[in-house]
Amino acid sequence: VIKCKAAVAWEAGKPLSLEEVEVAPPKAHEVRIKIVATAVCHTDAYTLSGADPEGCFPVILGHEGAGIVESVGEGVTKVKPGDTVIPLYIPQCGECKFCKNPKTNLCQKIRITQGKGLMPDGTSRFTCKGKQVYHFMGTSTFSEYTVVADISVAKIDAAAPLDKVCLLGCGISTGYGAAVNTAKVERGSTCAVFGLGGVGLAVIMGCKVAGASRIIGIDLNKDKYAKAKEFGATECISPQDFKKPIQEVLVEMTDGGVDYSFECIGNVGVMRSALEACHKGWGVSVIVGVAAAGQEISTRPFQLVTGRTWKGTAFGGWKSVDSVPKLVTDYMSKKIKVDEFVTHTLPFDKINEAFELMHTGK
């Protein structure tokens with residue numbers, strides 16, 4: 001058993017608490033990882049807020065991390081101690097009907113136990129002050145050591161800087177893949193990206209790599225515009241600057257609507273705007289943001305009858321074990337940006353400050 005520091009969420013709505021936790025050794029088909037770097041994501045904040053119907057407490061959150069394999073359980077063949085890895089919240093077992101289908105990346109092998117905050121055998125590897133602590137998204141990167149299923153880990157280039165590539169564990173991969181895999185943005189097309197946080201910037205990067213000729217960024221926070229333009233946005237607008245709904249503004253700006261739109265916020269009203277900003281006959285709108293529990297989307301069916309398509313994406317459509325190492329290679333060869341997404345680097349004990357920075361849009 002390893003004793004180490006972890007940020008424990010004891011209950012919903014309270015700041016994380018830095019504690020000494022015990023991390024049990026990996027069982028069969030499990031991997032224990034020394035986490036070197038982790039990022040914070042709105043999904044962690046969503047669960048911490050208490051709004052997540054799957055949220056269980058106490059829990060160690062975090063799902064954008066990178067580290068080094070410390071030890072492996074029986075039967076693990078794909079990684080060994082010393083390997084550089086990224087934990088994966090969407091695993092890839094290669095055996096379930098989802099993994100065998102090229103149309104999806106949603107491996108279901110450990111979905112039920114992962115959703116309950118447990119390892120595949122139905123138990124936890126974390127204890128703190130004598131209490132069992134739950135896992136989160138199969139990763140729990142807010143701990144100096146974590147244990148994951150062997151199908152939830154991608155071995156990556158040992159030369160990659162872990163404080164950067166940890167972002168490929170969720171946000172960058174999700175947004176970039178939404179553009180290149182889910183929407184399949186084409187050269188010369190016009191795109192609109194709603195929400196210019198990390199995921200939105202990654203969508204913009206994907207649209208640019210795909211050769212889009214016009215990329216319109218939409219956000220209420222104008223402080224985000226300069227960064228969006230650095231990533232490839234050709235212009236940025238705020239819905240507050242117009243008297244009419246933003247979808248009408250976009251339809252006028254683009255002679256009938258955009259070819260592709262992306263909702264990167266998790267707001268069901270914005271999802272409707274993003275769909276209705278699409279061009280009649282061929283427009284495709286991709287939902288990337290995760291809305292709160294119980295919310296529903298709506299539009300007039302005529303929007304779809306007249307040729308618009310509504311899609312969603314999880315982890316950008318990447319089959320995780322196969323794709324994450326390639327994304328790291330693309331970063332190392334300068335094909336995709338990663339460093340530019342990092343705004344602040346903080347010591348682990350300042351993790352609550354990191355959440356505050358995220359909530360203030362910084």
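UniProt positions are given in the numbering used here, feature names are shortened, and annotations may be inferred rather than shown by experiment. Residues are numbered from 1 along each chain as its sequence is written, and side-chain values use heavy atoms, with hydrogens and water left out. This is a predicted model, in which local features need pLDDT of at least 70 and side-chain atom pairs count only at pLDDT 80 or more, while totals for chains, interfaces and linings use all residues.

Figure 1. An unreviewed UniProt entry lists residues 198-322 as "domain: Alcohol dehydrogenase-like C-terminal". Helices (H or I, at least four residues) and strands (E, at least two) are DSSP runs, numbered from the N terminus.

**Figure 2. The boundary between domain 1 and domain 2.** The domain assignment gives domain 1 as 2-169 + 319-352 and domain 2 as 175-314; such bounds come from an automatic or database domain assignment. The C-alpha centres of domain 1 and domain 2 lie 29 Å apart. Across the boundary, 12 residues of domain 1 are in contact with 13 residues of domain 2, where contact means heavy atoms within 4.5 Å. The size of an interface is often given as the accessible area lost when the parts come together. Here buried area is the accessible area (1.4 Å probe) that two parts lose on being put together, summed over both. Domain 1 and domain 2 bury about 1,000 Å² between them, and 71% of this area is on carbon and sulfur atoms. The count of salt bridges between domain 1 and domain 2 is 0; a salt bridge is a side-chain nitrogen of Lys or Arg within 4 Å of a carboxyl oxygen of Asp or Glu.

**Figure 3. An open sheet of 5 strands.** The strands follow the order S4-S1-S2-S7-S8, with antiparallel pairing. Strands S4 and S8 form the edges, each pairing on one side only. Two strands pair if DSSP finds at least two bridges between them. Strand S7 (residues 126-128) and S8 run antiparallel and are joined by 3 bridges. Within this pair, Thr 127 stands opposite Gln 132 in S8.

**Figure 4. Strand S5 and its pairing with S3 and S6.** Strand S3 (residues 30-39) and strand S5 (residues 64-72) pair in the antiparallel sense over 8 bridges. Ala 39 stands opposite Glu 64 in S5. S5 also pairs with strand S6 (residues 84-87), again in the antiparallel sense, over 2 bridges. The bridge partner of Gly 67 in S6 is Val 85.

Figure 5. The peptide bond from Phe 57 to Pro 58 is cis, with omega near -5°. Pro 58 is placed in the loop between helix H1 (42-49) and strand S4 (59-60). Ser 140 is not a glycine, yet has a positive phi of about 50°. The loop that holds Ser 140 runs between strand S8 (131-133) and strand S9 (145-149). With a relative accessible area of 0%, Ser 140 is buried; buried means under 20% relative accessible area, exposed over 50%, and partly exposed in between (1.4 Å probe, protein chains only). Lys 334, also not a glycine, has a positive phi of about 65°. Lys 334 lies in the loop between helix H11 (320-332) and helix H12 (351-359), and counts as exposed at 75% relative accessibility.

**Figure 6. Salt bridges of the structure.** The structure holds 15 salt bridges. One of them joins the side chains of Lys 80 and Asp 83 (3.0 Å, N to O). Lys 80 is partly exposed at 48% relative accessibility, whereas Asp 83 is buried at 7%. Glu 95 forms a salt bridge with Lys 109, their closest N and O atoms being 3.1 Å apart. Glu 95 lies in the loop between S6 and helix H2 (97-100) and Lys 109 in the loop between H2 and helix H3 (111-115), so the pair ties together parts that are 14 residues apart in sequence. Glu 95 is exposed, with a relative accessible area of 52%, and Lys 109 is partly exposed at 48% relative accessibility.
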